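Please go through this model with the report below.

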Amino acid sequence: MAIEIRGGGLAGCALGWRLWERGIPFFMTGEARQGASWVSAGLVNPIAGRSLNLTSDNRTAIQEAKAFFHQVEERVGRRIWHECPVLRFFANEAERQKFERRKEAFGDWLEEVLDESGYPGMGDAGAALIAGGGWLDVRAYLQASWAFFAQQNQAPGAGESRLVIHCGGSRDLTTGVLATLESRPAKGEILTVEVPGWGESRILNRGGWVVPLGNDRFRVGSTYSWDHLDEEPTEEGRSELLTLLRQFTSLPCSIVEHVAAVRPIVRRSEPVWGRLGEDGDTYFFNGLGSKGCTFGPRAAGDLVDQLEKDKIFPLKSS
Ligand SMILES: Cc1cc2nc3c(=O)[nH]c(=O)nc-3n(C[C@H](O)[C@H](O)[C@H](O)COP(=O)(O)OP(=O)(O)OC[C@H]3O[C@@H](n4cnc5c(N)ncnc54)[C@H](O)[C@@H]3O)c2cc1C
């Protein structure tokens with residue numbers, strides 16, 4: 001039986017690598033240049049969100065993800081992971097104090113608490129310099145993975161039975177095989193801009209983020225909306241993101257790209273996977289939400305572990 005991964009974004013590619021590591025043949029269908037992954041900024045931020053919850057689960061997921069991306073780099077011979085400090089601005093004194101109280105839990109992720117952030121427009125509550133994060137060049141990762149898999153795998157002949165693992169992201173959740181699952185997909189927009197002479201080399205985070213890509217380019221994101229789940233960039237989105245950028249710099253900027261896509265959210269960013277129906281040969285892997293880079297690699301490994309345990313893979317080579 002052939003294994004088909006249907007949809008090759010962050011979910012499908014992570015699953016592909018996990019199968020490849022175990023010598024289980026598979027092939028991918030769909031396209032690399034589509035969906036949420038293709039527009040994603042690839043950000044991995046160890047201390048994200050207002051709750052400041054850095055659970056040990058998040059910590060290990062981030063460590064596993066980084067190790068996974070480094071392994072992929074070795075296999076494809078191309079750099080995809082960019083380690084980069086995150087400068088997180090405190091919204092106010094109360095947030096700063098909350099942060100200070102949790103200092104110990106953050107351990108070595110927290111490099112320094114700064115009284116002066118160097119950005120006067122951000123208020124005077126200061127900022128935290130966070131280590132251990134960075135960004136995945138998602139497009140490079142997807143393209144390199146697709147090319148690598150295409151060299152190794154063959155689609156089965158007509159009539160050969162296949163086990164399908166649906167990795168179709170928000171499309172599966174809205175109109176596809178998971179349309180009956182309760183979910184909350186969210187549209188997001190993102191800008192790539194050029195700001196000559198800015199020179200910022202850290203990821204900036206406050207109610208959104210700016211990611212330095214090098215060569216005066218920055219990614220600015222991202223919006224959230226639940227009304228129109230399409231992939232059309234809007235005027236409102238552009239203006240919201242430019243306002244976000246203007247909090248940090250008033251230097252002239254030009255827009256290089258403006259894109260939108262829908263995040264596959266089921267329960268926050270908790271991945272979901274399983275069998276569709278009681279006894280079919282159809283599975284799904286979805287729900288990476290806003291954190292496909294952090295949680296994708298581990299969840300894909302867990303899914304393959306389970307499928308092996310259930311003796312689902314008759315084609316495993318020794
Ligand atoms: C604006 C924005 C910014 C984001 N920023 C970040 C970030 O900084 N860090 C982070 O970790 N995450 C980020 N995310 C979230 C991340 O992009 C998602 O978690 C991730 O892309 C989900 O991956 P996926 O493979 O499940 O879905 P997708 O990337 O959407 O991939 C699904 C693929 O399946 C294809 N497909 C669907 N149906 C079929 C079918 N029937 N047959 C074949 N193919 C099919 C689709 O065309 C698509 O290519 C962001 C998302 C958005 C929208």
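The report starts with the basis of the model and then moves to its parts.

## Basis

This is a predicted model: local features need pLDDT of at least 70, side-chain atom pairs count only at pLDDT 80 or more, and totals for chains, interfaces and linings use all residues. Residue numbers start from 1 along each chain as its sequence is written.

## Domains

The protein is assigned domain 1 (2-84 + 134-182 + 267-309), domain 2 (86-131) and domain 3 (186-263). These bounds come from an automatic or database domain assignment.

Taken over C-alpha atoms, the centres of domain 2 and domain 3 lie 22 Å apart. Seven residues from domain 2 and seven residues from domain 3 form the contact. Contact requires C-beta atoms, placed from the backbone, within 7 Å. On the domain 2 side there are five nonpolar, one polar and one charged residues. Nonpolar covers Ala, Val, Leu, Ile, Met, Phe, Trp, Tyr, Cys and Pro; charged covers Asp, Glu, Lys and Arg; the others, Gly among them, count as polar.

## Ligand shell

The ligand is surrounded by 42 residues, and the closest are G7, G9, G35, G169 and G292. A residue counts as near when its C-beta atom, placed from the backbone, lies within 6 Å of the molecule. The elements giving two or more residues to this shell are α1 (10-21), α2 (35-39), α7 (169-174), β10 (186-194), β14 (254-263) and α9 (292-309). Helices (H or I, at least four residues) and strands (E, at least two) are DSSP runs, numbered from the N terminus.

By class, the shell holds twelve nonpolar, 23 polar and seven charged residues. Domain 1 and domain 3 each supply at least three residues to it.

## Nonpolar core

In soluble globular proteins, nonpolar side chains tend to be buried together. Here the largest nonpolar core has 80 residues. Such a core is a set of buried Ala, Val, Leu, Ile, Met, Phe, Trp, Tyr and Cys residues joined through C-beta atoms within 7 Å. Buried means 20 or more other C-beta atoms within 10 Å of the residue's own, exposed means 12 or fewer, and partly exposed is in between; C-beta atoms are placed from the backbone.

L15, L136, V220 and F285 have the most contacts inside this core. Leaving out residues up to four places away in sequence, V220 touches I190, L191, V193, V210, L241, L244 and L245.

α1 has twelve residues and reaches 16 Å between its end C-alpha atoms, close to the 16 Å expected. The expected span is 1.5 Å times one less than the number of residues. Ten of the twelve residues in α1 are buried; among them are L15, G16 and W17. G23 follows α1 and has a positive phi, near 70°.

α9 should span 26 Å with its 18 residues, and its end C-alpha atoms are 25 Å apart, which agrees. Its buried residues include G292, F295, R298 and L307.

Most residues other than glycine have a negative phi, and most peptide bonds are trans. Where does this model depart from that? A cis peptide bond joins G221 and S222, with omega about -20°. S222 sits in the loop between β13 (217-221) and α8 (235-246).

D216 is not a glycine, yet its phi is positive, about 70°. D216 lies in the loop between β12 (209-214) and β13. D216 counts as partly exposed because it has 17 C-beta neighbours inside 10 Å. R268, also not a glycine, has a positive phi of about 45°. R268 lies in the loop between β14 and β15 (272-275). With 11 C-beta neighbours inside 10 Å, R268 counts as exposed.

Definitions and conventions: Contact = placed C-beta atoms within 7 Å.
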